[in-house]
Number of protein chains: 2
Amino acid sequence: MTTADSHTGRRLTARGAKTRARIVAAAADLMYVKGVGDTTLDDVLAASGVSKSQLYHHFDGKEPLVRAVIDHVGERVIQRERDALGHVSTIPGLRRWRDALVQSNALRHGAYGCALGTLASEVSDQDELARQALSQLFSEWQELLAGVLRRLQDKGTLPAEAPIDQLATGLMAALQGGYMLAQTARDVTPMATSIDMALAYIESLSAG
Amino acid sequence: MTTADSHTGRRLTARGAKTRARIVAAAADLMYVKGVGDTTLDDVLAASGVSKSQLYHHFDGKEPLVRAVIDHVGERVIQRERDALGHVSTIPGLRRWRDALVQSNALRHGAYGCALGTLASEVSDQDELARQALSQLFSEWQELLAGVLRRLQDKGTLPAEAPIDQLATGLMAALQGGYMLAQTARDVTPMATSIDMALAYIESLSAG
DNA sequence: CTCTAGTTGGACTATTTAGTCCCATCTCAT
DNA sequence: ATGAGATGGGACTAAATAGTCCAACTAGAG
């Protein structure tokens, strides 16, 4: 069985797809902990156990690889958030979402930050295509938050005039800013505090 | 006249200090727009018009240079924020502070983000000393915000039981998260929105 | 089965980058 | 004035890194 490759339109066997996936996964891991700039192609080769010709067979160089990593990480994050937020329709549900993120980040003492956020701040100014992809991913993520807020609205928990999209933006910013402060402090506390403040504001609108 | 150099304790003439400052300033500019990882020492030499021996005379390599850049940028940011926040004691004053940051960032359509924030997310996981310096700088910045909130408290605008430090953390996170979303979207709006949300929450505590 | 095209290994080159070295020039304390 | 030590220019080396190439192997369509 063969399927089309997205970037060249070449045929792609199952074996080739597997190799490609291994490269992207290894690159994603390395770039998450070392940063994009400090991750060399040789690092990726060593980590994935793949030879140079294979990497250049699947990608035209580092930039395209980074874009593939963004797609890969983005898909995973969006999937995770869809699972976590897709059916939330209560304030306690939002708090449980917060708890899960905070606890997961606490395992690393805040290190490495948000998988999408760190990519975004490192790449947005250097690669316009990557920036657009990341921007799109943040929009999707934020839309999941907006969905929760709309369900709160439908149930009457939030007033009809609540500015859903702006609240979602504020919540997302609190999350990302919290990630970054936690990363710098190597302490998850500021992340917990900032999300709590955003949630407290949302809750304050609902008390009516 | 000679003065002591901080990193080697060597004598340092006025001329040497000037050269050192030129190197740091050029490196700071480059790292702000290109990122730390994409800024090479040769870039710094070209931009500062200084020769290699001079750079290695003043710094032991790239890491020490990055740390000097962090000190330099940190000093400028803290100075700016001290000027902007040092005497603010009203909500409208905080809004003017917000306006200044938003407008300044709008000039670049959000590109490059916060000078300290981008350094933090790029360097925190790679250089422990740099991370500590950045963490300290964020604390100082946040303390300036806390100072404003305490003055609001003293004037009775904020209730005595308001959790000043947590509010300052939340405001800082909103700011940093907003910077990052703006950088990714190349649109300053999310930054404005997220700070507004944090300020709205603070204001909601004051109405009493 | 067999031919075509995808896949793979790894050596090879070119370039970039960090870091070293030496000698010339300038500054300042004595 | 003068000598010690700071400042300066820039060529040089070593290592890392990106990117190329080709021969060998494998999978799948007909």
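Biologist: Against which helices of chain A and chain B do the buried residues of helix 6 of chain B pack?

Modeller: This is a predicted model, in which local features need pLDDT of at least 70 and side-chain atom pairs count only at pLDDT 80 or more, whereas totals for chains, interfaces and linings use all residues. Helix 6 of chain B is mostly covered, with nine of its nine residues buried (20 or more other C-beta atoms within 10 Å of a residue's own; exposed means 12 or fewer, partly exposed in between, with C-beta atoms placed from the backbone). Among these buried residues are B:Leu116, B:Leu119 and B:Val123. They pack against helix 6 and helix 8 of chain A together with helix 1, helix 4 (62-85), helix 7 and helix 8 of chain B.

Biologist: What pattern does chain A follow along the sequence?

Modeller: Residues are numbered from 1 along each chain as its sequence is written, and chains are lettered from A and ligands numbered from 1 in the order in which they are written. Helices (H or I, at least four residues) and strands (E, at least two) are DSSP runs numbered from the N terminus. Chain A has nine helices and two strands. Read along the sequence, they give the pattern β-β-α-α-α-α-α-α-α-α-α.

Biologist: Of the 208 residues of chain A, what percentage count as buried?

Modeller: The C-alpha trace of chain A spans about 65 × 40 × 25 Å along its principal axes. Among its contacts (C-beta atoms, placed from the backbone, within 7 Å) between residues at least 6 apart in sequence, 63% join residues at least 24 apart. The share of its 208 residues that count as buried is 42%.

Biologist: Which helix of chain B gives the most to the side that touches chain A?

Modeller: In this interface, 43 residues of chain B are in contact with 42 residues of chain A. Helix 6 (115-123), helix 7 (128-154), helix 8 (164-185) and helix 9 (189-206) of chain B each supply at least two residues of that side. With 15 residues, the element that gives the most is helix 8 of chain B.

Biologist: How do the residues of the side of chain B that touches chain A divide into nonpolar, polar and charged?

Modeller: Ala, Val, Leu, Ile, Met, Phe, Trp, Tyr, Cys and Pro count as nonpolar, Asp, Glu, Lys and Arg as charged, and the others, Gly among them, as polar. On that basis the side divides into 18 nonpolar, 20 polar and five charged.

Biologist: Which residue of chain B comes closest to the rotation axis?

Modeller: A rotation of 180° with 0.0 Å of shift along its axis superposes chain B on chain A, at an RMSD of 0.0 Å (least squares on the C-alpha atoms of residues with pLDDT of at least 70 in both copies). The two copies are therefore related as by a two-fold rotation axis. Since 98% of the interface residues of chain B are also interface residues in chain A, the copies meet through the same surface. At 1.9 Å from the axis (C-alpha), the residue of chain B that comes closest is B:Gly177.

Biologist: Which helix of chain B gives the most to the surface near DNA strand D?

Modeller: DNA strand D is surrounded by 26 residues, the closest being A:Leu41, A:Gly61, B:Gly16, B:Thr19 and B:Ser53 (near means a C-beta atom, placed from the backbone, within 6 Å of the strand). This surface divides into six nonpolar, twelve polar and eight charged residues. Contributing four residues, the element of chain B that gives the most is helix 3.

Biologist: What is the phi of A:His109 near?

Modeller: A:His109 is found in the loop between helix 5 (91-106) and helix 6 (115-123) of chain A. It counts as partly exposed because it has 13 C-beta neighbours inside 10 Å. Its phi is positive in a residue other than glycine, near 55°.

Methods: Two residues are in contact if their C-beta atoms, placed from the backbone, lie within 7 Å.
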